[in-house]
Amino acid sequence: MTTLIFLLAFGAAFWKGGARNHVFYIFVLAVQAYYLFLCPVVYFNAGQFYAVNAYVARYFGIGLLQILLHLCFFLIGYWIVNKGRRLPPDGDLDFPPPDCREMMRYRVVGLFAFLYLVIFFNTLSEGFNLIDIIVGKVEENTMGLKGGSYFLQNFADSLITLVIAAYYYRIGGRYVTAMTLVAFPLFLVLGFRYRLILTIFGLFMAYIHRKGISKARVLSYLTVVVVFLYFVMFLTLNRTAFFTHQYDKINYNPADFPYTALVDQARGSMVDFALYQAVADGVVERDNGRTMFLYIVIKAVPANFFPGGEKPYPPPLLLGIDRAISAGREVGEAATALGGLFFGFGYLGIYIGGLCHGLAVGFAQRRARMGGLYGGLAGIAVSLVLFQWLTRGYFPQAVDHLVYLSFPVVALKFMTRKIEKRLNLSLPQGEGVPG
């Protein structure tokens with residue numbers, strides 16, 4: 001049943017205006033299909049019912065039902081608000097107009113350079129020179145390097161949006177290439193793959209918004225998918241070599257790639273199932289939203305405001321996960337957004353959350369179709385935040401991503417607030433409306 005609804009949901013996007021008119025919806029739907037649904041199906045067919053050390057066979061059926069219900073509420077939320085004009089299904093959009101591109105070039109590149117320097121000097125304040133790190137002169141592990149300020153270091157997330165903006169606003173191929181070549185090594189040495197993956201996903205959405213999907217380019221799309229899978233597997237195998245700067249140990253051979261990780265790294269739903277079971281068995285108590293909301297404040301407030309300079313970590317959700325799967329925090333398992341919503345508000349939280357996810361994507365998609373300079377870029381940022389929230393299930397971190405991924409949109413809009421009104425930023429309209 002769930003597989004059929006996923007197929008119908010994807011089909012509806014192409015029936016109601018094509019990929020360009022629903023690119024954020026298609027992306028978030030694909031995230032749910034892969035990160036929420038695929039692993040339980042594969043594990044069920046393989047007879048594997050363990051979430052680390054917890055046997056969750058009793059809650060497999062209930063867990064799959066929650067994925068289905070979340071999906072249904074997501075679809076209801078999206079199609080309720082996804083109305084209004086639609087764009088032609090394919091063909092290159094001449095957007096933004098040529099007189100706007102040079103204006104955006106200086107602002108996008110200038111903001112990128114400024115934030116990169118902020119990260120550079122923030123890292124330097126702790127005795128780490130980014131140039132030395134990137135060229136391999138530093139032997140220390142830089143995984144999660146915070147520099148002098150965690151808050152300044154997180155502007156690395158803002159660089160994701162700016163690389164996407166460089167492509168989205170057509171500021172020139174050489175600028176896009178230069179910014180990518182400068183940003184990617186930084187993302188690698190900081191040790192977290194998600195920034196690289198989010199950048200690629202964002203560029204993909206910007207491409208679909210600009211060009212749509214054409215049957216004539218199917219071979220090109222397949223080539224991109226193969227290259228992307230190679231890239232992900234390459235990073236999975238070599239991530240330690242990058243953030244420990246042992247570049248001589250980098251392995252390019254696809255025969256050595258850990259292909260089982262394609263399923264195992266999307267096993268957050270198994271952790272969700274363990275949480276459902278642990279709460280029902282009285283092993284874990286829900287926290288009534290403390291992790292989701294109180295820890296947004298705790299995360300934002302500097303540590304020196306807390307007794308002994310220590311924040312009350314780990315949050316209840318992570319402690320609950322550890323008890324549910326009978327493992328320590330060093331295992332590093334995470335729930336999905338469904339697990340996070342359940343831990344805060346029970347099964348009702350999953351259904352309301354699904355509806356809110358659909359509404360958020362629907363509003364973002366509608367805004368992107370209406371024209372204007374920033375609707376599309378803002379929609380990409382929202383979609384990338386939803387990717388992090390759906391796959392990691394820790395709401396305070398998703399809010400953190402929302403702040404930093406959205407910062408360039410807000411900053412660029414502020415810098416162009418007077419000029420934007422004088423430009424013709426309308427988009428071509430297709431026939432009918434996606435009702």
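Reader: Where is S326 found?
Author: This is a predicted model. Phi of S326 is near 55 degrees, a positive value in a residue that is not glycine. S326 is found in the loop between α14 and α15 (337-369).

Reader: Is S326 buried, partly exposed or exposed?
Author: The exposed class starts over 50% relative accessible area, and the buried class lies under 20%. S326 has 48% relative accessibility, so it counts as partly exposed.

Reader: What is the phi of R170, and where is the place of this residue?
Author: Most residues other than glycine have a negative phi. R170 is not a glycine, yet its phi is positive, at about 55 degrees. The place of R170 is in the loop between α7 and α8 (173-189).

Reader: Is the peptide bond from Y313 to P314 cis or trans?
Author: Most peptide bonds are trans. P314 is found in the loop between α13 and α14 (316-325). The bond from Y313 to P314 has omega near -5 degrees, and it is cis.

Reader: How many salt bridges does the structure hold?
Author: Side chains of opposite charge can pair when their charged atoms come close. One of the pairs here is D322 with R329, at 2.8 Å from N to O. In total the structure holds four salt bridges.

Reader: Which parts does the salt bridge of R58 and D281 tie together?
Author: The side chains of R58 and D281 meet at 2.7 Å, N to O. R58 lies in the loop between β2 (54-55) and α3 (60-81), and D281 in the loop between α12 and α13 (290-300). The pair therefore ties together parts that are 223 residues apart in sequence.

Reader: Which helices does the salt bridge of D157 and R195 link?
Author: The two side chains meet at 2.7 Å, N to O. The pair links distant parts of the chain, 38 residues apart. D157 is in helix α7 (residues 156-168), and R195 is in helix α9 (residues 194-211).

Reader: Are D157 and R195 buried or exposed?
Author: The side chains of D157 and R195 meet in a salt bridge. Both residues fall in one class: buried.

Reader: What is the nearest side chain of opposite charge to D272?
Author: The place of D272 is in helix α12 (residues 268-280). D272 is buried yet has no salt bridge. A salt bridge needs a nitrogen and an oxygen within 4 Å. The nearest side chain of opposite charge is 11 Å away, and it is R392.

Reader: Which residues does D272 touch?
Author: Residues up to four places away in sequence are not counted. The residues that D272 touches are A335, T336, L338 and G339.

Reader: How far apart in space are Y50 and A19?
Author: Y50 is found in strand β1 (residues 50-51). Y50 and A19 are 31 residues apart in sequence. From C-alpha to C-alpha, the two are 37 Å apart in space.

Reader: Which residues does Y50 touch?
Author: Y50 is partly exposed, with a relative accessible area of 42%. Leaving out residues up to four places away in sequence, Y50 touches Y43, Y55 and M270.

Reader: How many helices and strands does the protein have?
Author: Helix α12 holds D272. Strand β1 holds Y50. The protein has 17 helices and two strands.

Reader: Which radius of gyration does the protein have?
Author: The C-alpha atoms fill a box of roughly 65 × 55 × 50 Å, taken along the principal axes. With 435 residues, a compact globule would have a radius of gyration near 22 Å. The protein agrees with this, because it has 22 Å.

Reader: What share of the residues is buried?
Author: D272 is one of the buried residues. Of the 435 residues in the protein, the buried ones make up 52%.

Reader: How far apart are the centres of the positive and negative side chains?
Author: The protein has 37 positive and 24 negative side chains. The centres of the two sets lie 11 Å apart.

Conventions
Residues are numbered from 1 along each chain as its sequence is written. This is a predicted model: local features need pLDDT of at least 70, side-chain atom pairs count only at pLDDT 80 or more; totals for chains, interfaces and linings use all residues. Side-chain values use heavy atoms; hydrogens and water are left out. Helices (H or I, at least four residues) and strands (E, at least two) are DSSP runs, numbered from the N terminus. The radius of gyration is taken over C-alpha atoms; the globule rule is 2.2 Å times the number of residues to the power 0.38. Buried means under 20% relative accessible area, exposed over 50%, partly exposed in between (1.4 Å probe, protein chains only). Lys and Arg count as positive and Asp and Glu as negative; His and the chain ends are not counted. The place of a charge is taken as NZ of Lys, CZ of Arg, CG of Asp or CD of Glu. Contact means heavy atoms within 4.5 Å.
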